[in-house]
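Okay, everyone, thanks for coming. Let me put the model up on the screen, and then I'll walk you through how a few pieces pack.

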Amino acid sequence: MQNNNSIFSRLDVKKYVLKKNLKRDLPSSIVVFLVALPLCLGIALASGAPLFAGIVTGVIGGIIVASVSGSQLSVSGPAAGLTVIVLGAIAQLGSYQVFLLSVMLAGGLQIVLGFIKAGTIGNYFPSSVIEGMLAAIGLILILKQLPHAFGVDVDFLDENVLKSGADGAYTVAVRALQQFNPAAIVISLLSIATLIFWPKIQQVSVVPAPLIVVVIGIVLSMLFSYTAFALRTDQLVKIPVVSGWTEFSRLFNMPDFSAISRMDVWKVAGTIAIVASLETLLSIEAIDKIDPIKRVSPTNRELVAQGIGNMTSGFFGGLPMTSVIVRSSANVNAGGKTKMSAIFHGCWLLLSFLFIPALINMIPLACLAAILLVTGYKLTRISLFKHMYRKGWDQFVPFFITVVAVLLTDLLKGVATGMLLSIFYLLRTNMRNPFFYRIQEEGNKKNLRIKLAEEVSFLNKAAIQVVLNNIPKETNVIIDGGNSRYIDPDVLESIFNFRHYAYTKGIVVTLENIKEHYKVPKLTDKLIKDINK
């Protein structure tokens, strides 16, 4: 149980500057930075916002949110799951400045949610659904990055492609085959091989493999520029280049506070707050699952941190942010230990934009795609599907349907579908297993022992009543609740009523380990006659 003091508890600064932690956090931060940079730019582009807004959001998510958050491995930034909402909201509100006000208000609402302890809702998501969400994100990463890996400017998950049917898909496939760039393919394959084999070479494994991948990518891109297979400019990272403070300051947008009384502004703010909070809680739950030392993040504090981040981002012209599983899983896979990895990654984003934009713009998208392809595979590895299948249909079906639903719709709809299936299997299990019983015969007398399950809900009432009503006459019945942690009041009432009326059929009922909470009507001659009728 989280208390108010835990939200702003004093940070143990010492552990964040320990040499053994910094040795892991600094290299990891570079990996996260390399993954986050193109994502920040791509999400800003997909959201219809200035590219600089993506950088601002990444910097604030890395430095400010990570500093306040209680999660050691979570990395926040602009989220792909919010792009559709952001794109529609900017058009609906009429200007980007008014939209920024909604982002600030959404941050304020998230802070309120944190203080009223709404963060505990994340504890109610089944592990099968969380695993399904992670696997779906891995598949999305793979499908989204394959075009970059092959030098193709086709998005296989584009809505128009998905709706175009077999003919449209065939046309897209032919176009993709015609656009393959040998340089991008070579860079991708060498990058993937480096990511797989570099960590296994003990002498050089201290240097992070993704950093080597970026160096290889830049060198190969320069070499291919002298051939007929040179990469196009749209196959390289592209961030704005500024030459002075004046140009830099012009990149910032400020919210339009005059629109604060508009209802549509508050409606957008509420939508962003709810969706961003749910995505954050799902991501935090998933990140805790892949944390090697299984730390548990304080979810209420995380909502407060996200709220502060969104208020800051909205004020400086950024996008709404969440805890992002792609960056966070890259952080875990790169060996991050504490939140300093996320903070450093925010610093690298800012410094790279200010001092080395030309160098950053030399990085091929193909080598960044390779990093994300490997990250995606780790999230959706084949062994995970086998593991979930072995756990039984009640685990595998919600897991698999969550994967499919996320791929075909979006993150929240997919998770909601998986939740509904999980609830169905939970209800089905409860209805089927309320008890077990054993019948013994001693002469002409039958002894029946009914042992109730650990959890007996109101859904089990009908099944229990059917068994009780079909008990043969002249039977000794023992109803044992010794294994039960919870018995629904409706079920208890049915049991007590049966015990009081069972003697009319010659049935003797004994209750073991069941507390009597209900008073049943006292038997009278008239009531006995009514029962016998």
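When I say contact, I mean heavy atoms within 4.5 Å. Quick housekeeping: this is a predicted model, where local features need pLDDT of at least 70, side-chain atom pairs count only at pLDDT 80 or more, and totals for chains, interfaces and linings use all residues. Residues are numbered from 1 along each chain as its sequence is written, and side-chain values use heavy atoms, with hydrogens and water left out.

So, Val 326. Skipping its neighbours within four places in sequence, Val 326 touches Val 35, Leu 39, Ile 137, Leu 141, Leu 372 and Thr 375. Val 326 is also among the residues with the most contacts inside the largest nonpolar core, which has 63 residues. A nonpolar core here is a set of buried Ala, Val, Leu, Ile, Met, Phe, Trp, Tyr and Cys residues joined through side-chain atoms within 4.5 Å; buried is under 20% relative accessible area, with a 1.4 Å probe and protein chains only. H18 gives the largest share of that core, 9 residues. Apart from it there's another core of 26 residues, including Val 86 and Val 268.

On to helices, which are DSSP runs of H or I, at least four residues, while strands are E runs of at least two, all numbered from the N terminus. How do H5 and H13 cross? Their axes come within 11 Å, at roughly 175°. The axes are lines fitted to C-alpha atoms over the stretch in contact, and angles run from 0 to 180 degrees between N-to-C directions. So H5 is roughly antiparallel to H13, that label being for angles over 145; under 35 is roughly parallel, 65 to 115 roughly perpendicular, and the rest oblique. On the H5 side you've got Ile 85, Ala 89, Gln 92 and Leu 93, meeting residues of H13 including Val 268 and Ile 272.

H3 and H11 are another pair: axes within 8 Å, crossing at roughly 50°, so H3 is oblique to H11. Ile 30, Val 31 and Leu 34 in H3 meet Pro 210, Leu 211 and Val 214 in H11. The buried residues of H11 pack against H3, H10, H17 and H18.

Last one: is Thr 322 buried or exposed? Thr 322 sits in strand E2, residues 321-323, and at 1% relative accessibility it counts as buried. Beyond its sequence neighbours within four places, its contacts include Val 75, Ala 276 and Gln 306.

Terms used. Buried means under 20% relative accessible area, exposed over 50%, partly exposed in between (1.4 Å probe, protein chains only).
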